[in-house]
Amino acid sequence: MTMFHVKHPRTLLASVLLASTLLVGCTGELTPAKGWAPPVAGPNNTLLIQSGAGRIAAIKTDGSPVASFELKGAKTRDFIGRESQAAATPFYATPIVEGNTAYIVSYQGRVARLNLEGGSITERWVVDLNHHVVATPVLRDNRLYVSTENGRLAVVNVENGSIVGETRPTPGRVWGSPAAADDRVFIGTLDSSEILAVQAGNGSTLWRYDGDGATAADLVVDGSTLLVPSFDRAIHALDLASGKESWAFPGDGWFVGKPLVTPGAIYAGTMSGSLYAIDRSGKQQWQFHRAGLEFRATPLLANGTLVGVSRNGTFVGLDAATGAEKWSRTFEGVEIDANGLMLDNAIFFTTHTYRLLRLDPATGEIQPVNVQPPSSGN
Amino acid sequence: MPQITAIWQIALETPLINIMVLLTVVLGGSYGLAILAFTVISRALMFPLTLRMLNSMKGLQEIQPQMAEIQKKYTDPKRRQEEVMKLYREAGVNPLGCLGPQLVQFPIFIAVYQVIRMTLGSTPEGMLALSGRLYDYPIIQNAIPLSSTWLGMDLAAQGNYFLVAAVFASMWLQQRISSSRPMATTQAASDQQRQMNTMMQWLMPAMFAWFVIATPAGVGLYWASSTIIGIILQWIFVGPGDFTWGSLIPNVVRERLGMPRLATPDQRRLASRAALTQHAEVPGGDRTESRTTDEGSGDEREDSRRGNRAGARPARPAPRPGRRRRNH
């Protein structure tokens, strides 16, 4: 803005109104945080789904409600000491279910242990890590390893929610779920393009691999190999013991989703519309490509059919052995970033507006599941 | 509406995203430098428009003595308005000439705002959305994510009060320099205009400062640097008018330093009107115009360029060179 010389009040008023409208219209978030926590299987043949920002619902597979729970925002104090509660934030981390217990982590960095017994969801404890969390934590030996967006790795005692250890192996963001093997935790970083192996007991760094691209995907341990999907348009296979690269498979776009590892092949999708099947030496078995698709979610295998879901709501069913297309369906008006869950011969997906879809992997038929509100929340 | 969105994205937003990413890579991964470089480039591309606007400002400034004469000579508002419009035509000045470049800047500002938000991927979904916007060149694709930290500032974070202060101060200064020009008007209009200018001097910087509080700091960096470039261009091509750096020192400080007090707004207004009237009455006179913002102070600067030129000008100005005369 160089100069405002306004001689007429009407012009002034119109200018201010125009500017205000333009500016206020631009203050809304372009892509608000919605969370991509996938549905997970709960106890007694239930589904745990993210039913809203900060809300978890336990439902039957037909959508009938069992229970719900809201993880409220953290309490904060302003500069004059007034207490207020922040708005609930969505979940990116996949809930971890172990028997009748679930662990959830909100984007705001609130970690909670929930009790799922008796058809209700009750809170055991909540601990605040005070930084955004996108990565799914790792549960190991009664410890929850949670990576935050500021590169911190917090170790939470699941019995009482106390933080029993923490280290900051990287200054940057961690979005992919760490992987664990023996007494080591492997972390992929978004900002520094590094892969780190950390000693679970004391947090010391065992090795560090400097990659060419960022890692936002969950890491996968496959035998003695660590699979690292990367923004450098490749999947890197690292030796677990040394961190040395065994092979790298080049794709056509960002690998953002967690690869699916099966005895016969490794399946992975790219944000440029390709699904790949590769063998354990990093050689391509087949490629499926369709322009305009973006595969963020992990592909799923159901009775020889590989199901891939694009962010724009297009589902494709491929022959897992050849990559030949069996069917393709598009569910309009949705965006899907969350991984699917296979349960009772169906695959369940949640959308960015927290709708639940049920897909038949044999035919590709998609049905929205009418999730009924619970009669009383917990 | 989707078509408009698509055009907006394809024609402006997506190229800007890729330019910003490329600049970041070229400048060693520094997003802050990329914003500064982008600001310079965008201001350079808009320079013809800016120059047109500055010429309009300069033209308006130059015809102030004639304006004063018209204000004095004609009491009928309708006739006065006709004469003013005639003067504009003869001088080749368009009082709305300042508006075009401002309007052009708005879409660019909004696009920059969106580009900064998108390229820094403030949310995980935002990062994924970026994937479809990047051109398929490894140098661009592999550059993501960009580092948002620059000189200790997180350019993706909101509420950077240093940049808020920079935006407010630069815009306030620009408004102050812009309003430090005598305008020939009637008493009532002058009072109204003075109020308006005073209000604009505080309202616009406050509005943009508020906006910068609520947006990523990178937007504040762009706006502050763009405003500073605008001040420099204005200073070079139009001149500072009656503005002096000394006039920024408040009277409280002046008294302690033993400096003369600044004129009050009423004093400045009267002095401004007197100066213009004097020019209008003695068109051929060669004098140095009295200062209106810092009367009698040691900070006064001889503005002989404006004073001489205005004083030497005939009652009806010759058309400005290079400008098209209309309605003949």
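Predicted model: local features only at pLDDT ≥ 70, side-chain atom pairs only at ≥ 80, totals over all residues.
Let's start with an open sheet of four strands in chain A, ordered 1-2-3-4 with antiparallel pairing. Strand 1 (40–42) and strand 4 (65–70) of chain A sit at the edges with a single partner strand each, so one side of each has no neighbour in the sheet. On average, neighbouring strands here are turned by 35 degrees against each other, direction ignored.

| Strands (chain A) | Residues | Bridges | One facing pair |
|---|---|---|---|
| Strand 2 and strand 3 | 46–52 and 55–59 | five bridges | A:Gln50 and A:Ile56 |
| Strand 33 and strand 34 | 356–359 and 366–369 | four bridges | A:Leu359 and A:Ile366 |

Strands 33 and 34 of chain A form a hairpin with six residues between the strands, and A:Gly364 takes a positive phi there, near 85 degrees.

**Two helices in chain B**

Now over to chain B, where helix 3 (residues 47–62) packs against helix 11 (residues 217–237) at about 50 degrees, with the axes 10 Å apart. That angle makes helix 3 of chain B oblique to helix 11 of chain B. The crossing of these two helices is right-handed.

Who does the touching? Helix 3 of chain B brings B:Phe47, B:Thr50, B:Leu51, B:Leu54, B:Met57 and B:Lys58, while helix 11 of chain B brings B:Leu233, B:Gln234 and B:Phe237. Sorted by class, this contact has six nonpolar, two polar and one charged residues.

Key:
Residues numbered from 1 in each chain as written. Chains lettered and ligands numbered in written order. Heavy atoms only, no water. Pairing = 2+ DSSP bridges. Axes fitted to C-alpha atoms, helices over the stretch in contact; angles between N-to-C directions. Parallel < 35°, antiparallel > 145°, perpendicular 65-115°, else oblique. Left-handed = near helix turned anticlockwise from the far one by under 90°. Contact = heavy atoms within 4.5 Å. Nonpolar A, V, L, I, M, F, W, Y, C, P; charged D, E, K, R; others polar.
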